[in-house]
Amino acid sequence: MNLYINNIPQEWIVRGGIMFRKMRNIETAFQHVRGFTIVLTVGYFITIGYIVYQTRSLITTIQNRLYILYNGKVLEATATDRKDNLAVEARDHVKTFHQYFFTLAPDDKVIQGNLAKALYLADGSAKKEYDNLSENGYYANIIAGNVSQQVQTDSVSIDLRSYPYHFRFFGTQTIIRTTSTVTRSLVTEGELRSVSRSDNNPHGFLIQRWITLDNKDLKIVNH
């Protein structure tokens with residue numbers, strides 16, 4: 001037997017209430033699904049953006065890495081603007097030149113090899129000094145007397161305020177003979193100008209107007 005409320009069967013009212021609750025539940029579920037979808041989509045785009053950013057950063061890092069071959073070894077370097085390392089490169093160029101020019105052994109091939117490397121780093125002023133020493137028999141005496149010569153760099157000052165860059169080298173020269181070891185001061189100066197880099201001149205500098213300011217005995221030790 002059906003009951004009537006305001007001429008509407010109670011059963012209809014109950015069914016309607018159930019359907020209304022179901023619709024509310026469906027709408028609530030849809031809102032939850034939509035909210036979850038939005039959160040998932042936003043999270044997806046954030047993740048993609050982060051991956052793209054990290055990928056670009058990695059590519060930039062890889063592109064800024066250089067690998068150079070030095071004395072048969074592969075070394076990693078960082079690509080930067082030259083002006084960031086100008087003073088460092090200039091000092092190392094001057095240091096390398098003096099090491100090649102003044103590191104000698106009683107062997108003509110060693111002498112010629114070192115001097116050839118040194119002369120790639122300087123202009124005619126270094127060649128003129130080499131010619132003078134050669135004409136005076138300096139290298140021949142080294143070979144004949146079994147003399148070894150080394151140079152130690154104490155410091156190199158570079159003035160980058162004007163171009164070409166003025167430098168001054170301070171070092172200690174050691175001459176080892178059969179009967180004695182002589183320690184001498186070595187002070188030189190000159191200028192650096194920029195040239196193209198090459199295998200023989202990796203720093204891209206050339207020493208010019210090079211002169212020796214001081215080269216006197218500091219200590220003599222007899223054997």
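## Helix α2

How many residues does helix α2 have, and what span does it reach from its first C-alpha to its last? Helix α2 (residues 86–102) has 17 residues and reaches 24 Å, close to the 24 Å expected at 1.5 Å a residue, where the expected span is 1.5 Å times one less than the number of residues. Buried residues, meaning those under 20% relative accessible area with a 1.4 Å probe and protein chains only, include L86, E89, A90, H93, V94 and F97 in α2.

## Basis of the model

This is a predicted model, in which local features need pLDDT of at least 70 and side-chain atom pairs count only at pLDDT 80 or more, whereas totals for chains, interfaces and linings use all residues. Residues are numbered from 1 along each chain as its sequence is written, and side-chain values use heavy atoms, with hydrogens and water left out.

H203 lies in the loop between β7 (180–194) and β8 (205–214), and it counts as buried because its relative accessibility is 13%.

## Overall architecture

The secondary structure comprises five helices and nine strands, assigned as DSSP runs (H or I, at least four residues, for helices; E, at least two, for strands) and numbered from the N terminus. Of the 223 residues of the protein, 25% count as buried.

Methods. Buried means under 20% relative accessible area, exposed over 50%, partly exposed in between (1.4 Å probe, protein chains only).
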